[in-house]
Amino acid sequence: GFALVHYGFVLKTLDQNMELAAQYLQEGIETGHPGTQDGRFYFQLGDALQRLGRNSEALAVYRKGVQKKLFRSVYQRSLYNVDGLAARPYWTEEQTTYATELELIRAKWREVRDEGLKLLTSAGVFVNESENLRDRGDWKQLELFSRGARVERNCARAPYTCRLVEQYFPAARTCKRGQVKFSVMHPGTHVWPHCGPTNCRVRA
């Protein structure tokens, strides 16, 4: 069972072979052997099933993961969590406690937009979304801060936006679990259903 789930994991994450990955992950999990009842394997099995269009089976896997306390809920399947944090499908600005910072950034949205659009037309600056979440279409990103570190090369290209974040929203700039980035999804793009890796990240 232990070998089966790991083989399925590799087939899913490296080979992108959803059919075989689902088969081996399911067989391995169903053995119940030590090391097979891990949130990572339930997560990847459910995701593979969703990508194969087998949504009811995927939800059954997620429900089983909740019963085993591997996931917080069917829809909150993050694997790196901080206890005591509220779970909401949508947060108001006031609930985030960063309403002031968000308003300061929003007031400069035109300047941020213009800087991002100028870079979007430059070859080799934006890169494709890297977590294999895109089914079809075009989704490009440019990281400015990642896990609390400044991406110097990209901030040199987008100095206005980086200065704005550092001046008005230092909590976002220093967040060890977060990112600050330009993210551009073109019309017609379809993204697979997914959730974030941790419950201590809120996308603004």
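**Entry 1: helix H7**

I noted that this is a predicted model. I began with H7, residues 109-120. Helix H7 has twelve residues and reaches 16 Å from its first C-alpha to its last. That is close to the 16 Å expected at 1.5 Å a residue.

Which residues of H7 are buried? I found Val112, Glu115, Gly116 and Leu119. I then looked down the axis of H7. The buried residues fall within an arc of 95 degrees, so they line one face of the helix. The general rule is that an α-helix has 3.6 residues a turn, so residues three or four places apart point the same way.

What covers the buried residues of H7? I listed strand S3 (139-146) and strand S5 (179-185) among the covering elements. Helix H8 (152-157) and helix H9 (159-168) are included as well.

I also checked a charged pair in this helix's number range. Arginine 113 forms a salt bridge with aspartate 114, with the closest N and O atoms 3.0 Å apart. Arginine 113 is partly exposed, with a relative accessible area of 38%. Aspartate 114 counts as partly exposed too, at 42% relative accessibility.

**Entry 2: aromatic pairs**

I counted five aromatic pairs. I looked at two of them.

The rings of tyrosine 62 and phenylalanine 71 have their centres 6.1 Å apart. Their planes stand at 75 degrees, so I logged the pair as edge-to-face. Both tyrosine 62 and phenylalanine 71 are buried.

Next came phenylalanine 126 and phenylalanine 182. Their ring centres lie 6.2 Å apart, and with the planes at 45 degrees the pair is tilted. Phenylalanine 126 lies in the loop between H7 and strand S1 (127-128), and phenylalanine 182 lies in strand S5, so the pair ties together parts that are 56 residues apart in sequence. Phenylalanine 182 counts as buried at 11%.

**Entry 3: charges over rings**

I found the charged end of arginine 40 over the ring of phenylalanine 41, 5.7 Å from its centre. Arginine 88 lies over the face of tryptophan 91, at 4.3 Å from the ring centre.

**Entry 4: salt bridges**

How many salt bridges does the structure hold? I counted 14.

I went to aspartate 47 and its partners. The side chains of lysine 12 and aspartate 47 meet in a salt bridge, 2.7 Å from N to O. Lysine 12 lies in helix H1 (residues 2-13) and aspartate 47 in helix H3 (residues 39-51), so this pair ties together parts that are 35 residues apart in sequence.

Arginine 51 also meets aspartate 47 in a salt bridge, 3.0 Å from N to O. Arginine 51 and aspartate 47 both lie in helix H3, four residues apart, about one turn of the helix.

Lysine 12 is buried at 5% relative accessibility. Aspartate 47 is buried at 6%. Arginine 51 is buried at 14%.

Notes. Residues numbered from 1 in each chain as written. Predicted model: local features only at pLDDT ≥ 70, side-chain atom pairs only at ≥ 80, totals over all residues. Heavy atoms only, no water. Helix = DSSP H or I, 4+ residues; strand = E, 2+ residues; numbered from the N terminus. Expected span 1.5 Å × (residues − 1). Buried < 20%, exposed > 50% of the residue type's maximum accessible area, 1.4 Å probe, protein only. Arc of directions from axis to C-beta. Contact = heavy atoms within 4.5 Å. Phe/Tyr/Trp six-rings, centres within 6.5 Å; stacked < 30°, edge-to-face > 60°. Lys NZ or Arg CZ within 6 Å of the ring centre and 35° of its normal. Salt bridge = Lys/Arg side-chain N within 4 Å of Asp/Glu carboxyl O.
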